[in-house]
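User: I have a new structure to look at. Walk me through it, please.

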Amino acid sequence: MNLMTKGVFITFEGGEGTGKSTQLRLLEKYLKSLNIPVVATREPGGTSAAELIRELLVNGKTDRWSPLTETLLHYASRYEHITNLIQPAIRSGQWILCDRYTDSTFAYQGFSQGVDLKIINQLNKIVTSQLNPNLTIILDLPIEIGLKRAENRGVDETRYEKMGIPFHQTLREAFLKIASDNPQRCVVINADEKEEVISNRIINLVNERYKLSYLDNEG
Ligand code: TMP
């Protein structure tokens, strides 16, 4: 099987300050070193229209949206992203590395903000057309460490970070539950380790799953 002709869809998930973006970049660098065509992207956002919706979600007061509106905004952003970036890239054989995707909506809006999971499931079917990741890497970290790291990052987009300790605790448990419910797709990685240790673990995982050393040898 030559995986170079078919795109692979990998998502990174986890709470605040778990190091997803850094790990995504390190995996992107590794894949590029193997000459694999790869697109790094994120949610909410990823296209110019979806980034406009992101602005509405990551800034402002914590209670600026009712939870269902917030869910709809995430799915509006996701529809733009899937239609205009993810689908075309996968079809043309590129690998997609996406910083957050549908698991974040189940964890944040469903488990932590209390939106009925059945509603999220329905929206998911309509918006994603069953486009599910091939692999989801869930970075797990005690919330105090994650929130401290996120605070030290000093970025503006702090709306979700401000949502309180119980919110973030539920979130961590939600990601672990999603992982145990989807053992084929999800792999939990302890994010309380050095950057390079985590990165090596992820690279080994991807190498093994997609036989990349063979691909590399075969050219
Ligand atoms: P980021 O800080 O990882 O870039 O993500 C932006 C925020 O958006 C993050 O705090 C989690 C939140 N989010 C949701 O609440 N639901 C979603 O479906 C997604 C994709 C992100």
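Analyst: Let's begin with P44. It sits in the loop that runs between strand 2 (38–42) and helix 2. Helices (H or I, at least four residues) and strands (E, at least two) are DSSP runs, numbered from the N terminus.

User: What kind of peptide bond joins E43 and P44?

Analyst: A cis bond, with omega about -10°. Most peptide bonds are trans, and most residues other than glycine have a negative phi.

User: Before we go on, what sort of model is this?

Analyst: It is a predicted model, where local features need pLDDT of at least 70 and side-chain atom pairs count only at pLDDT 80 or more, while totals for chains, interfaces and linings use all residues. Residues are numbered from 1 along each chain as its sequence is written, and side-chain values use heavy atoms, with hydrogens and water left out.

User: Back to backbone angles. What is phi of S129?

Analyst: Near 50°, a positive value in a residue other than glycine. S129 belongs to the loop between helix 5 (117–128) and strand 4. Q130 is found in the loop between helix 5 and strand 4 too. Its phi is also positive, about 60°, although Q130 is not a glycine.

User: Is S129 buried or exposed?

Analyst: S129 counts as exposed because its relative accessibility is 51%. Q130 is exposed as well, with a relative accessible area of 54%. The cut-offs are under 20% relative accessible area for buried, over 50% for exposed, and partly exposed in between (1.4 Å probe, protein chains only).

User: Now the ligand. Which residues come nearest to it?

Analyst: There are 14 residues around the ligand, and E16, K20, R100, T105 and Q109 come nearest. A residue counts as near if one of its heavy atoms lies within 4 Å.

User: Where do those surrounding residues come from? Which helix gives the most to the shell?

Analyst: Helix 4 gives the most, with four residues. Helix 2 (48–58), helix 3 (67–91) and helix 4 (102–112) each supply at least two residues of the shell.

User: How far is a polar side-chain atom of E16 from an oxygen atom of the ligand?

Analyst: The distance is 2.7 Å. For Q109, an N or O atom of the side chain is 2.8 Å from a nitrogen atom of the ligand. Y160 has a polar side-chain atom 3.4 Å from a ligand oxygen.

User: How much of the ligand does the protein bury?

Analyst: The protein buries 93% of the 480 Å² that the ligand exposes when taken alone. Those areas come from the Shrake-Rupley method with a 1.4 Å probe; for residues, only the protein chains shown count as cover.

User: What about L171? How far is it from A107 in space?

Analyst: 5.6 Å, C-alpha to C-alpha, though they are 64 residues apart in sequence. L171 lies in helix 7 (residues 165–181). It is buried, with a relative accessible area of 0%.

User: Last topic, helix 8. How far apart are its end C-alpha atoms?

Analyst: They are 22 Å apart. That agrees with the 22 Å that the 16 residues of helix 8 (residues 195–210) should span at 1.5 Å a residue. The expected span is 1.5 Å times one less than the number of residues.

User: Which residues of helix 8 are buried?

Analyst: I198, S199, I202, I203, L205, V206, N207 and Y210. V197 lies in helix 8 as well, but it counts as partly exposed at 30% relative accessibility.

User: And what follows helix 8?

Analyst: K211, whose phi is positive, near 50°.

How values were computed: Polar contact = N/O pair within 3.5 Å; in protein donor to acceptor, adjacent residues only side chain to side chain.
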